[in-house]
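Please keep the sequence and the coordinates at hand while reading.

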Amino acid sequence: MSFVSIQNLEKTYAGSPVFKNINFDIARGEFITLLGPSGCGKSTLLRCIAGLTPVDSGRILLDGTDLVPLSPQKRGIGMVFQSYALFPNMTVAQNVAFGLRMQKVASQDSRSRVEEALRMVELQDFAARYPHQLSGGQCQRVALARSLVTRPRLLLLDEPLSALDARIRKHLREQIRSIQRELGLTTVFVTHDQEEALTLSDRIFLMNQGRIVQSGDAETLYTAPVDAFAAGFIGNYNLLDAESASRLLERPVSCRLAIRPEAIALSLDGALDGQVRSHSLLGNIIRYRVEARGVELSVDVLNRSSADLYPDGQRVSLSIDPTALREVA
Amino acid sequence: MSRAEPARSAVYHRLVVWALFLVLLLPLAGTLLYSISTSWSASLLPSGLTFKWYLALWSDPRFLTAFAQSLLVCVGALVLSVLLILPLLFVVHYHFPRLDGLMNILILLPFAVPPVVSSVGLLQLYGSGPMAMVGTPWILIGCYFTVALPFMYRAITNNLQAINLRDLMDAAQLLGASTWQAAFLVVLPNLRKGLMVALLLSFSFLFGEFVFANLLVGTRYETLQVYLNNMRNSSGHFNSALVISYFLFVLVLTWAANRLNKDKT
């Protein structure tokens with residue numbers, strides 16, 4: 001049996017549905033991600049699981065018991081917020097101890113658990129500091145320790161990395177994942193960043209306009225998008241309408257076509273002629289904008305050496321891996 | 001532009017600031033000097049210095065009573081406003097954020113109506129009948145409450161917006177705190193700054209309030225400003241001592257509040 005089971009969850013706000021007919025299961029110890037653009041309902045869904053926002057109908061089963069009638073205090077859920085939500089009037093240690101204080105855990109026991117939690121996020125030397133004396137990344141690690149110290153049955157992460165700069169984000173991402181694995185903690189992560197979702201999750205639920213569009217592991221979501229939205233949101237797919245696709249492939253295509261930019265190869269002699277319009281360097285990848293038969297395509301090429309670089313305006317040949325073509329609704 | 005320009009403008013800026021400071025300080029310095037002079041009428045400088053006016057003032061039971069009554073009315077009004085406005089603000093910002101717009105209009109009303117006008121209305125309403133309060137300190141406390149409302153509301157609202165109330169409440173509740181515990185342990189300590197600023201502003205304003213006090217209560221419950229008004233025909237030295245005492249009291253209070261409000265590091 002699954003550890004968490006969301007059944008027919010529905011939420012309406014001011015007359016219009018935020019989400020409806022949400023169904024999914026999470027296994028014990030699984031790390032799942034709700035991925036989607038802002039306003040797709042993913043954060044509201046998370047708040048509903050936490051009990052901070054009431055649902056209209058449906059059930060949220062955690063280990064067999066329905067959470068919906070329970071107040072947030074009684075759900076045994078830990079949550080980390082994008083804004084950290086640390087208590088500014090308390091030291092790091094007091095922040096982490098807050099949950100234990102509410103549970104009336106004996107001070108001896110509490111102290112050792114706070115120490116342990118801070119050690120886990122590598123902040124044991126910062127116990128006496130106040131939140132305003134910490135950097136953003138440190139704040140978020142305190143918030144993580146604070147939510148872990150009460151040993152929640154389910155951990156919710158609401159865009160915890162979005163307010164941080166790129167380098168710290170990457171480091172904290174790995175730290176979250178390793179702590180989650182170590183504790184075997186069932187986790188729901190909310191993000192709008194596809195890279196975060198792809199690298200962190202056991203499974204991803206892609207959401208759009210209040211419904212789950214596609215779910216599966218990172219591999220499935222990346223290589224087999226079910227529709228144009230999924231293709232547009234994950235990866236940097238070239239999305240062609242039927243007419244452009246027919247022109248490009250010189251055969252009739254009846255629906256939209258998605259081609260991954262790395263599934264197109266460039267060379268100097270081949271069948272399909274094109275011209276480089278522009279290029280940008282993304283580190284280990286060069287992304288070309290290439291026009292062929294009146295269709296403009298993104299093409300990603302591994303950045304091997306600057307000698308291989310095609311200048312703008314260069315005439316090139318394209319070859320498209322036929323197995324990488326995906327027809328999408 | 002030449003390089004000398006910034007230096008010259010800095011001198012100019014400093015000059016303006018000092019000139020302004022001087023203009024503001026001059027009447028106060030004059031009053032101070034007058035309050036400690038034996039007599040000062042036909043000469044350029046006072047003929048002698050003395051503390052007798054202060055001694056006379058601080059041993060006048062009528063003054064001490066007025067001082068205490070002013071304190072009582074102000075503190076009463078402020079306690080009332082804290083008790084009412086804090087929960088109100090909390091409810092508005094946590095549960096009904098859209099009411100903030102309406103509240104912003106409501107709290108401007110005490111400013112929109114001049115005290116002389118609203119006193120007439122208050123005299124009508126509370127002069128007789130079941131709610132006859134004119135002439136008692138109670139009407140002054142109620143009235144001062146409405147005067148303090150805008151100061152309190154604005155200062156605390158700014159503070160609330162700075163602390164991200166919703167996330168703090170949510171985090172506290174998920175950690176097992178009841179709404180009351182979250183409010184008292186997490187939100188209230190973080191409103192200390194805004195609250196102190198609000199209280200200080202309101203107190204200084206109310207302590208010097210004259211129109212309402214004079215019209216609604218007058219000599220039946222004499223406050224400091226009414227006392228000052230009633231003493232206007234006595235010695236100017238005496239009145240100067242009163243003004244300086246009043247000023248020093250507010251100054252010391254402000255300084256003390258600032259000290260208490262310092263960040264712990």
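Which residues have the most contacts inside the largest nonpolar core? This is a predicted model, in which local features need pLDDT of at least 70 and side-chain atom pairs count only at pLDDT 80 or more, while totals for chains, interfaces and linings use all residues. Residues are numbered from 1 along each chain as its sequence is written, and chains are lettered from A and ligands numbered from 1 in the order in which they are written.

The core in question has 148 residues, and those with the most contacts inside it are A:Val96, A:Ala145, A:Leu156, B:Leu140 and B:Tyr144. A nonpolar core is here a set of buried Ala, Val, Leu, Ile, Met, Phe, Trp, Tyr and Cys residues joined through C-beta atoms within 7 Å; a residue is buried if 20 or more other C-beta atoms, placed from the backbone, lie within 10 Å of its own. Helix H7 of chain B, residues 137–163, gives the most to this core, with 14 residues. On the side of chain A, A:Ala145 is in contact with A:Val96, A:Ala117, A:Leu118, A:Met120, A:Val121 and A:Leu123, its neighbours within four places in sequence being left aside. Contact requires C-beta atoms, placed from the backbone, within 7 Å.

Chain B has 13 helices and zero strands, where helices (H or I, at least four residues) and strands (E, at least two) are DSSP runs numbered from the N terminus. The radius of gyration of chain B is 23 Å, well over the 18 Å given by the globule rule for 265 residues, so the chain is more spread out than a compact globule. That radius is taken over C-alpha atoms, and the rule is 2.2 Å times the number of residues to the power 0.38. Of the 265 residues of chain B, 30% count as buried.

UniProt, in an unreviewed entry, places the feature "domain: ABC transmembrane type-1" at residues 67–257 of chain B; such annotations may be inferred rather than shown by experiment. This span is 80% helix and 0% strand, and its end C-alpha atoms lie 20 Å apart.

Chain A contains an open sheet of four strands in the order S2-S1-S4-S5, with antiparallel pairing; strands pair if DSSP finds at least two bridges between them. The edge strands are S2 (16–26) and S5 (65–66) of chain A, each pairing on one side only. Strand S1 (residues 4–13) of chain A pairs with S2(A) in the antiparallel sense over seven bridges. A:Lys11 has A:Phe19 as its bridge partner in S2(A).

Note on methods:
Buried ≥ 20, exposed ≤ 12 C-beta atoms within 10 Å, placed from the backbone. Contact = placed C-beta atoms within 7 Å.
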